[in-house]
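User: I would like to learn how to read helix packing, pockets and cavities in a protein model. Please take one topic at a time.

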Amino acid sequence: MTATATRTVCELLGPGFERCDSPSLRLEKFVHVGGNGKAGEIGAVVKCHRQSRTRHDAAVLLPLPSLPAGAVRFTARLGGRLIVNQAGGILENAGLCLHPHFGCPVLPGSAVKGVAAHAAWCAWRDEADAAKRRQLALCIAAVFGFPTLDAASFGSPTSDDSLDQALGLEVPALFDRERGELRMLAGAVSFLPAVPAEPAKVELVVDIVNCHHPKYYQRKQDHATDDEDPVPNVFPAVKEGAEFAFTLVPLGRPFPSGLRAILPPGFSPVALAKDWLVQAITMHGAGAKTAAGYGWFEYDAEGECRRGKQRLEAERLQREAEARRAEEERRRLANAKANDELATLSADEIADKTVSAWDERQFESRLRNFWKAKGGPSEAEKNAMVRALRTSRLSLWIELKQRGTKGEWARVVDSIRQQAKRLGPEKMP
């Protein structure tokens, strides 16, 4: 067998590349070709993925960890095994689309858009009502872009199944009559790659398909008989049960005025794209061998709604926790700054600062105890209160004098005057 690497790389990674911890490199670059080692190579890729799948969480894999306005993200569960890009790679019919950095299986955005577009085209083809059929065609052109090239994929340009021809002839905004050609229109939705929602739970398996009639398929005999030995062909696949996150993002491109005016009321490109995508992965499947049961997904709308509410609640709690941490940090910095300022102040300045922070209720409650030797304000606070009553709280002092003709307040007023005399140099106003 021949290794697809230099001798130095082989020496670093081991004779069987066993020290390679990247599944994508192990599948695409570091393999042995030739001989009968294909099954061993696929098994090595599966083992490499099993050892590395717990290193990354979903937040790392998501194309957009936080969604912009109008974007949609939902998850769907694999009901059967998944094969994507089987014809790619070095080993014949043994490719799999793995993330180049993280090694997990992914559905490329182009594949996601392709299956959604096919589901939309099927809905258009099966619609019997002419008016609804035309509305569907308009929506498909707006979501996926125009021309849709459906004729090249599903029919001939002159067939009744050509959406582009039908729409182009009906809508002036999409057909240049002077040149006799269709106008180009960009789609309104970006289909991002679908990635595992929980990478640690995604498993790769070694799958197998047997060719029972190799001579017949090689055109070495005219009829397929049951006397030939089957030829097993192994390939990697994603095991059923894995959950994938699908993300759709509005591009915000303005539609031509001639198209915008005839689009249905309340038209939402992302909402329609999601409906078609859900229909595609649950009814048509994604990837290769969908007719044999591969690539089919299960979508739980109620469960998705419940998870969405849980996700929003978790995000709300996280924002509140972050706000609390920010407020605590702000207070800590403010206290530290205040402590630094206090370190430079004299005792009288500290007392003035403390007293100025009291509100009216706090100030008055301390005035009631002004005359007491025990339980009353400190000497520094009494002096600061006197200074405040002479200036910033002069109106309160005037009110105290009116109330202090007898009883408890008379004792308070007398005590303030005596403190002012000790403080000097001026008397209370």
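Predicted model: local features only at pLDDT ≥ 70, side-chain atom pairs only at ≥ 80, totals over all residues.

User: How do I read the packing of two helices, and at what angle do the axes of H15 and H17 cross?

Analyst: Two packed helices are described by the angle between their axes and the distance between the axes. Helices are DSSP runs (H or I, at least four residues), as strands are (E, at least two), numbered from the N terminus. Axes are lines fitted to C-alpha atoms, for helices over the stretch in contact, with angles from 0 to 180 degrees between N-to-C directions. Here helix H15 (residues 379–390) and helix H17 (residues 407–423) have axes that cross at roughly 100 degrees and come within 10 Å. H15 and H17 are therefore roughly perpendicular to each other (angles under 35 degrees count as roughly parallel, over 145 as roughly antiparallel, 65 to 115 as roughly perpendicular and the rest as oblique).

User: Which residues of H15 and H17 meet?

Analyst: Contact means heavy atoms within 4.5 Å. Among the residues that meet are Glu379, Lys382 and Val386 in H15, and Ile416, Gln419 and Leu423 in H17. The contact of H15 with H17 divides into 5 nonpolar, 2 polar and 5 charged residues (Ala, Val, Leu, Ile, Met, Phe, Trp, Tyr, Cys and Pro count as nonpolar, Asp, Glu, Lys and Arg as charged, and the others, Gly among them, as polar).

User: How do H14 and H17 lie relative to each other?

Analyst: The axes of helix H14 (residues 360–368) and H17 come within 9 Å and cross at roughly 90 degrees, so H14 and H17 are roughly perpendicular to each other. On the H14 side, Glu364, Leu367 and Arg368 meet Glu408, Trp409, Val412 and Ile416 of H17. That contact has 4 nonpolar, no polar and 3 charged residues.

User: Is Ser415 buried or exposed?

Analyst: Buried means under 20% relative accessible area, exposed over 50%, and partly exposed in between (1.4 Å probe, protein chains only). Ser415, found in helix H17, is buried because its relative accessible area is 13%. Leaving aside residues up to four places away in sequence, Ser415 touches Phe370 and Trp371.

User: What volume does the largest pocket have, and which element gives the largest share of its lining?

Analyst: On a 1 Å grid over the protein atoms alone, a cavity is a set of points where a 1.4 Å probe fits but cannot get out, and a pocket is an open set with protein on both sides within 12 Å along at least five of seven lines; lining residues have an atom within 4 Å of a point. Grid points are joined across faces, edges and corners, and a volume is the space filled by probe spheres set on the points. The largest pocket has a volume of about 550 Å³. Of its 22 lining residues, Leu62, Pro65, Arg73, Arg311 and Glu315 are the closest to its centre. H12 gives the largest share of the lining, 8 residues.

User: How many cavities are there of 30 Å³ or more?

Analyst: The count is 1. The largest cavity has a volume of about 50 Å³, and its lining includes His49, Phe102 and Pro199.

Notes
Residues numbered from 1 in each chain as written. Heavy atoms only, no water.
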